Each structure stands twice: as C-alpha cells, then as structure tokens.
Protein chains: 2
Amino acid sequence: MVTLAEVARHAGVSASTVSYVLSGKRPISAVTRRRVTASIEQLGYQPHAGARALASSRSRIIALMVPLRTDMYVPVMLEIAVAVATTARAHGYDVLLLTGEEGPSALRRVTGSGLAEAVILMDVQLDDGRLPVLRTAGPPAVLVGLPADPAGLNCVDLDFRAAGALCVDHLAGLGHREIAVIGESPGVYARHTGFAERTLSGLRSRAAEREVRMLHRPCEGSHDAVAGVLARILDERPHVSAFVVQNETAVEPLLALLRRTGRAVPEDVSVVAVCADQIAAQASVPLTSVAIPAQELGRRAVERLIARLTGRPDGEGAAGVELLTPVLTVRDSSGPPPPPRTPGA
Amino acid sequence: MVTLAEVARHAGVSASTVSYVLSGKRPISAVTRRRVTASIEQLGYQPHAGARALASSRSRIIALMVPLRTDMYVPVMLEIAVAVATTARAHGYDVLLLTGEEGPSALRRVTGSGLAEAVILMDVQLDDGRLPVLRTAGPPAVLVGLPADPAGLNCVDLDFRAAGALCVDHLAGLGHREIAVIGESPGVYARHTGFAERTLSGLRSRAAEREVRMLHRPCEGSHDAVAGVLARILDERPHVSAFVVQNETAVEPLLALLRRTGRAVPEDVSVVAVCADQIAAQASVPLTSVAIPAQELGRRAVERLIARLTGRPDGEGAAGVELLTPVLTVRDSSGPPPPPRTPGA
DNA sequence: GGGGAAAGTCGAAGCGCTTCGACGACGCAT
DNA sequence: ATGCGTCGTCGAAGCGCTTCGACTTTCCCC
C-alpha cells in the first residue's frame, strides 16, 4: 500500500505539503503542486480512509437507514436509495446501508463510533422510535418522510396532504360527487406511517370542502384482497364514480377487476393513482396520477445534509420541513362521470 | 467523545488491557474484565471506527455494488441488498452502498483506500467490465450472478439453467408440446445479463431433449408491449399451450390479456413464471413458479465473503461457483393442455 | 523444591493522516 | 532602508486504537 510519506519522498517534499496539495487548505506553488500530483499519479496513491477519519474526525460517510420490511413501496425505496448514493458521491461522500432492524441503536453505534457523520432515515413513522435519539444531541439527520412532530428535525417529503387534495380537485373538477379511496395495506396505517395518513387527511378535508362523498378502505396488494375490497365498496356505495388508489400493487388488480365486471375506464369509472410514475404510465390503462418524486427526495435529503455538514452551524438547512409540491399528470384513466342512469330512462 | 484511554483510567487498568478485553485476543482475568466492561458501560464508550481501521487495517466494512438502472427486477434487488446488510451485521460488518455508476473505479477507490475490505457485486453481466479489476489482485469479492468466465471468481447465483429446464420439465410432464417464452426486455439480453441468457439456454436445451417446440420473445414490461408480443406469438404459433414468463412486470398484463381474449388459465393455457415468490403468489391467478431466492442469495454471498476474510488464505470459499438449486412451486396456473380441437369435431 | 509454561497485565511503538506553529523569502508601504 | 504581511514549505504533535515484547505471578510436573 502506498502512503502519503512515500509520495512525499518521491516528490521530494514533506508529508504536510502533500496533504495540503490534496486538501487545498494552504497555498502551494504551481510547481510543487505539479510534482506532487505527478507522484500521486505514478505511485497510484490513495489516501487511507481510516487514517483520514481519525486525524480529521470526518469520515465522509453518511448512513442511510432503509426499512427492513418490504411490504410496500419497494421500487420507490430503491430509487431513493440510489439517488442518495449518487448525490452523496457527487459531494465526496459514501453511503452506509443500515436496515431498520437494529433500530435506534444502529444510529448510536454508527454515529458514536464516528463511522458515519450523519444519517438519512427513510420510512419514517408518525411516532418513530428513532426520533428521540435524533432530537437529543443526535447526529445531523434528515428524514425522508414526516413524523407527527417535526419540531427540531430536518425533513424532506412529498406534500402528501396536497397530493390527496389534488386528486380530489381533479375528480371534483370533472364532476365526480362520490369517490372511493383504495389505500395501502392495513398494516401501514396501523404503523401510523406518515405519508399514508397525510394523504388521507388531504383527501378527506378537500372532499369535505368540495362536497364530495368519500369512502376509504385499506387494502392488501393481492388480487383476491383487491377483489374483496372492491366488492364491498361497490356494495356499500353503488354510486361511486371514481377511485383514488394509493397502493402500487393494487393498481393492476383493480383495473383488471373493473374490466372484468364490465366497467370501462374512464367512461364508466375514473381511476387516479398516487404512485411511481413508471407504474402509472405502464398500467394497462395509463393512469392519471400524482407521482412520487423518488429521485428528487433522495437528492434533496443529501443536499440538505451536506449543507448542514459543511455550512456554518445553524446556518442553512439547520432544521425545518421541506415539502415538495405534488404534480398531477393527466393520462387516460380519468374523465367525467357517466350521466346518471335514472333521468334519461 | 469517550476514548479507550478514559475507559482504562476509569477502570484502573492500562489501555492495552481494555483493548484485549474488547478483542479477546489475550486472556484477561474475570475480575478485570468485569471492571472494564462496567466502565465501558458507565461511560458509554464506543470504539472509534477510523482509529480501529487504521491500527488493525481492517475496516469491517464490505461494499455492495447495486446496479444503477432499475429497469428490472427491482424488488429482488432490494431484497438481496437487505439480506446482505442483515447478514453482514450478524457478522459484525457494515455495508457500504455503491451504485454501478462509478463502475470499476469505484471498486478501486473503496478498496484501495481501505474503506472496504471486500465487495459484493450484483447484476453481473456475462462480460462485465468490473471483472478484470477483481481477477488481477483485486480485493476479496463475491458476485451475485454468473459471468461468462467465472474462473478465479467467487460467484453465487440461482441455477437459472436448471430453472429453465425445470419449467420445461413441468410443462412437458403435463403434456405440453409447444410453448412460448416471454422474457425480459430486449435491453437485458443486449447487455448479456447472465441470468437471462442462462435461463434461456436451460429452456432451450431441455425443450430440445423433450421434443417440445419453443419460441422465445423478449418483452418490455408495459401492458401495450406485452399485448404486442402476445399477439405476435399467437399469430406465429397458434398451437402454443403454455407460457413461461421471466419478467415480473409482464406477469399481470399477460394474465389480463389472456383473460380478455377468452383464454382461461390453466384450462386453455398454462403459465409458469420465473420470479419472486411474492409476485407469483399474489398474481390474479396464483402462478406456478420457480422462485428467485433473493434472501438466500444475499446471505450466501456474505457468508462466503466472511469465510474468505476470516479463514485461512485460500481455504474455504477461496473461489468457485455456488449455484442454488431452483424449486418449482405448483400453484393454480398450470395444468394439462386442452384436448386437440380437431379429433373430437 | 526447582524449572518451565501459562496466565495476566503493562508500556511503547506504530498505523497514515491532518493540522498547528514556525520559519525563510518575498513584495509592499513607509 | 526598515518593518510588516503573505506565500510556500517544513517539522512535529497528535487522532484513538492494536499489537508486540516484556515482565510478574501463579501453577504444575517431575
């Protein structure tokens, strides 16, 4: 292994000079700099990460905690993770992968040992067990997701309340008066996952404002589960003319079932989804949808962290919530409700 | 930050003693050990990762390189990654997340700087650009996937050839004489991704052996693409009585299209998939399938790496290929082919 | 009862890097 | 000319840990 000292000898300078060439923290003459960089190149020198971390107490690593369970939302999770890794690299950081399994103690471990300088948490619950650690003298952190009380925390998320409202607005604007919401699996609500509840709240309040009747049902992703939920909804509310779906795995089953029961989309019934754009676009009926900006979320999370890490303390990005504005893309699955059956007959 | 020295002072012993208590590399009396562990506990001591890595030249980190593109196979990728992280932790290792973006140079960087002791590569191509680095004095590595020439490399994968053969055997055993294979998107074959080509080769050779006629078509995941491919297959080979699908996103579209064109599964046509068990089980017709043992793959990859890292040089797990035996689970989507139409009429 | 091995502990020497203070050599204003 | 600030470089002191050799004590076996 090539060390700094060997580079220094080879270039005929002192070790500190090499270090300063590398870090740029002191002025170095052009001549010397060239000699040093040439030696570095020739010897194939790579600074030792551990030694660097020890001497500078900066590991240039951020930890990313992904949920262990994979019962939902999987492609989005991976996309966020990849965006985090890519953005972090662009800023000279590497990413350590933690699973939710170890819980809060993983944060302490990784942070207390100086392994990671900061953390990004995904899949945040409204009342997340990892939050106390972060509030009390925790490491710099950014949450992807929004807990119940974001005070003193740094959060990035899609504005799911607005997303819900947007769906209702779109449907109400088309003339729908009664809609049904097919949500994530019951477990997601039971865990009080922020995004699910916030979407719901956005849907509910906007529905109330616009005098749209609304029914919400959690739903597992399997075909059979969707069939059951759909049957019950149609039984309970025969006049439902539109569905809002927030459950990636329920999308295709729903479309298939509507088709099978002779309901045309969007002529007889409209469908609006809150899901990854790719899913919406590739569906058997391309879906009008509010996209989940996975890449953007990952990117923003890292950028906030870096700002916090490199910025003046409590300067930019110290804390606060950043909610991305949802965008609704109209595709083929939404239209005006069918004319009422009775008046014409 | 609490240091080893402070713990030593607090416990009334020397620093090296504390170190030996931690590592167990030298015998320590029970009394001393208790005093030391108590101090560690009280002070909340955590060894500094960088210092450790520097002094021992072991970072206890393994790098995991995931593909950047997410055009296929996403849930499986995440599942493998999570399994890797979990297993690694169980052995005292952490996982650094690399994306394919940086390519071979990321391997050099992370390994040359002592950041990671070893690497796991996912989504290996038959002729992967990262392989030369690994063969020539590279770091310990395990590939999840199988390149064209695995000589000198450590690989773990599902035996996709056998998986292909298994599908043919199952269908041939039921009496099918003519099948069609709906594959991954063309790009996957263009990249020469190992698993896709190996599955195909297994399908082909077994089909030849059992005198089954077979047609293979790559296919994008969108509903429209599947519709096009299906139409062409049925046009070209009207007597196809079974499909083998290796494309997670094509599964539901295919089932929907068969249904819509009045073909009952499995009465009129059988479907066998090579995909994650969850997808197969949750499909609108629960699919007979060969599962992709994502967790097992991640676990085995780490275990081989650890064996290599801790074992005597060139002892256990030095190199070689480990192929997991595929398992075919019969569900509702496969049955005997329909009786020929002519003889009865 | 004496020799040797094993147990238990300590001190010191690094591991490879960053960073601080110091120092000579300039250039500029006085 | 003299003094001061800057530039460019060096030496040395750690950062917190592991590990080696050495030392003392204990124990066992002949």
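Which side chain makes a polar contact with the side chain of His176(A)? I looked it up, and the partner is the side chain of Ser241(A), at 2.5 Å. (By polar contact I mean a pair of N or O atoms within 3.5 Å; within protein, one must be able to donate a hydrogen and the other to accept it, and residues adjacent in sequence count only if both atoms are side-chain atoms.)

**Ground rules**

I am working on a predicted model, where local features need pLDDT of at least 70 and side-chain atom pairs count only at pLDDT 80 or more, while totals for chains, interfaces and linings use all residues. Residues are numbered from 1 along each chain as its sequence is written, chains are lettered from A and ligands numbered from 1 in the order in which they are written, and side-chain values use heavy atoms, with hydrogens and water left out.

**His176(A)**

I found His176(A) in the loop between helix 8 (160-174) and strand 6 (178-182) of chain A. (Helices are DSSP runs of H or I with at least four residues, strands are E runs of at least two, and both are numbered from the N terminus.) His176(A) counts as buried because its relative accessibility is 1%. (Buried is under 20% relative accessible area, exposed over 50%, partly exposed in between, with a 1.4 Å probe and protein chains only.) Its side chain also reaches the backbone oxygen of Gly335(A), at 2.7 Å. Leaving aside neighbours within four places in sequence, I listed the contacts of His176(A), including Val212(A), Ser270(A), Pro336(A) and Pro337(A). (Contact means heavy atoms within 4.5 Å.)

**Ser334(A)**

Next I went to Ser334(A), in the loop between strand 12 (328-329) and helix 15 (341-344) of chain A. Ser334(A) is at 12% relative accessibility, so it counts as buried. Its side chain makes a polar contact with the side chain of His170(A) at 2.8 Å, and another with the side chain of Thr288(A), at 2.8 Å. Beyond four places in sequence, Ser334(A) is also in contact with residues including Leu174(A), Pro266(A) and Ser270(A). I checked Arg9(A) as well: Ser334(A) and Arg9(A) are 325 residues apart in sequence and 71 Å apart in space, C-alpha to C-alpha.

**His216(B)**

At 12% relative accessibility, His216(B) counts as buried. The side chains of His216(B) and Tyr189(B) are joined by a polar contact of 3.1 Å. Leaving aside neighbours within four places, the contacts of His216(B) include Val181(B), Leu200(B) and Arg204(B).

**Nonpolar cores**

I then asked which members of the largest nonpolar core touch the most other members. Of its 113 residues, they are Ile62(A), Leu64(A), Ile120(A), Ile62(B) and Ile120(B). (A nonpolar core is a set of buried Ala, Val, Leu, Ile, Met, Phe, Trp, Tyr and Cys residues joined through side-chain atoms within 4.5 Å.) Apart from it lies another core, of 40 residues, with Leu98(A), Ile61(B), Leu143(B) and Leu153(B) among them.

**Two chains**

Last, I compared the copies: a rotation of 180 degrees with 0.0 Å of shift along its axis superposes chain A on chain B, with an RMSD of 0.1 Å. The same surface serves both copies, as 98% of the contact residues of chain A recur in chain B.

Notes:
Least-squares fit on C-alpha atoms with pLDDT ≥ 70 in both.
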